[in-house]
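Subject: Structure for you, with some notes on its helix packing

Hi,

Here is the structure I promised to pass on. My notes follow below it, and I hope they are handy when you open the file.

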Amino acid sequence: MLESGTLGREVAERMAAERPHITKLALNPTLPSDLVARLAVDDDPRVRLAVSARPGPTEEERAAIGCTLDPDERLDTLRWVWDARDDPEVLRRCATSAHTWLRRSAAVCRGLPADMVELLARDEDFAVRLLLAEYHPAAPPELLLDLYLHGSHRAVAMLAAKPQFPGAGLAARLANADDPNARALVVRDPDATPAQIDRLSRDPVDRVRGGGGTGSAVAPGARARAAGRPGGGPADVGGRGCAPGAARTGDALPARRGRRVRVRCRTVRPANCRCLKES
């Protein structure tokens with residue numbers, strides 16, 4: 001409870017001097033202001049980063065603290081942001097912050113206002129976009145498709161199992177794609193033509209022909225058109241060897257996962273959840 005529990009002066013002084021879990025201590029909102037000021041110039045950049053992510057500082061004060069955030073940095077979701085997960089004003093302030101840690105923490109909160117969902121869907125930080133896609137039920141379909149096709153983190157394969165993952169129009173867009181993962185999505189399109197389905201059934205890549213993954217749903221129309229063909233038509237696609245998954249819901253912080261995101265494409269996770277750099 002170092003990050004959120006109430007600390008008396010004596011305990012705070014002792015913990016700051018002994019430095020057990022110092023970064024958690026630096027995030028505690030009840031830490032006396034003089035100790036906060038001391039930790040803001042600490043030699044350890046992780047401590048300075050934690051001070052910069054406290055709920056109190058202005059954007060200017062955060063920027064003035066000498067710390068940088070590596071895009072591959074493993075981070076827990078900020079407890080104070082999670083505690084305000086149903087407060088649109090707090091979430092709006094975090095989503096519009098220049099501080100990446102605040103934006104990542106806001107991205108996992110289902111109470112994020114709709115206009116902030118649209119904003120974070122275009123965020124320059126890949127982890128922000130991935131967390132939004134994983135955890136927010138209103139994440140834009142195009143975001144999920146973009147991450148699925150261009151993200152290198154293994155979690156992107158599970159995005160195809162989400163109800164808002166697009167289907168209509170994929171045949172026209174992806175039937176001739178070089179990427180087999182893109183071609184495999186054609187079968188999700190209810191308007192895919194018999195010729196497109198037949199072409200899929202003869203694709204040189206096994207998972208495109210229909211034996212690959214389980215992360216995508218086949219459109220009923222496409223399934224019907226594939227039925228009865230020798231050897232079967234394209235079945236469930238996804239092709240990345242990941243079972244379908246859904247974002248966790250409820251009031252509990254999502255459990256820690258030892259996953260990492262490789263920041264390769266155009267784009268913390270809730271406290272107790274780590275990401276960054278594919279392992």
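Helix 8 passes helix 10 in a right-handed crossing (right-handed if the near helix is turned clockwise from the far one by less than a right angle, left-handed if anticlockwise). Helices here are DSSP runs of H or I with at least four residues, numbered from the N terminus.

Before the rest, the ground rules. This is a predicted model, in which local features need pLDDT of at least 70 and side-chain atom pairs count only at pLDDT 80 or more, while totals for chains, interfaces and linings use all residues. Residues are numbered from 1 along each chain as its sequence is written, and side-chain values use heavy atoms, with hydrogens and water left out.

Back to that crossing. The axes of helix 8 and helix 10 come within 8 Å and cross at roughly 15° (lines fitted to C-alpha atoms over the stretch in contact, with angles from 0 to 180 degrees between N-to-C directions). Helix 8 is therefore roughly parallel to helix 10 (angles under 35 degrees; over 145 is roughly antiparallel, 65 to 115 roughly perpendicular and the rest oblique). From helix 8, Thr100, Arg103, Arg104 and Ala107 meet Ala127, Val128, Leu131, Leu132 and Tyr135 of helix 10, where contact means heavy atoms within 4.5 Å. By class, this contact has 6 nonpolar, 1 polar and 2 charged residues (Ala, Val, Leu, Ile, Met, Phe, Trp, Tyr, Cys and Pro count as nonpolar, Asp, Glu, Lys and Arg as charged, the others, Gly among them, as polar).

Helix 10 (residues 126–135) has 10 of its 10 residues buried, that is, under 20% relative accessible area with a 1.4 Å probe, protein chains only. What covers them includes helix 8 (100–107), helix 9 (114–120) and helix 11 (141–150).

Helix 8 also meets helix 7 (residues 88–95): their axes come within 7 Å and cross at roughly 135°. That angle makes helix 7 oblique to helix 8. The crossing is left-handed, and Leu91, Cys94 and Ala95 in helix 7 touch Leu102, Arg103 and Ala106 in helix 8.

Lastly, the count comes to 1 aromatic pair (ring centres of Phe, Tyr or Trp, its six-membered ring, within 6.5 Å; planes under 30 degrees apart are stacked, over 60 edge-to-face, the rest tilted). Tyr148 and Phe165 form that edge-to-face pair, 5.6 Å centre to centre with 75° between the planes. Tyr148 is buried at 0% relative accessible area, and Phe165 is buried at 5%.

Best wishes

Methods. Buried < 20%, exposed > 50% of the residue type's maximum accessible area, 1.4 Å probe, protein only. Helix = DSSP H or I, 4+ residues; strand = E, 2+ residues; numbered from the N terminus.
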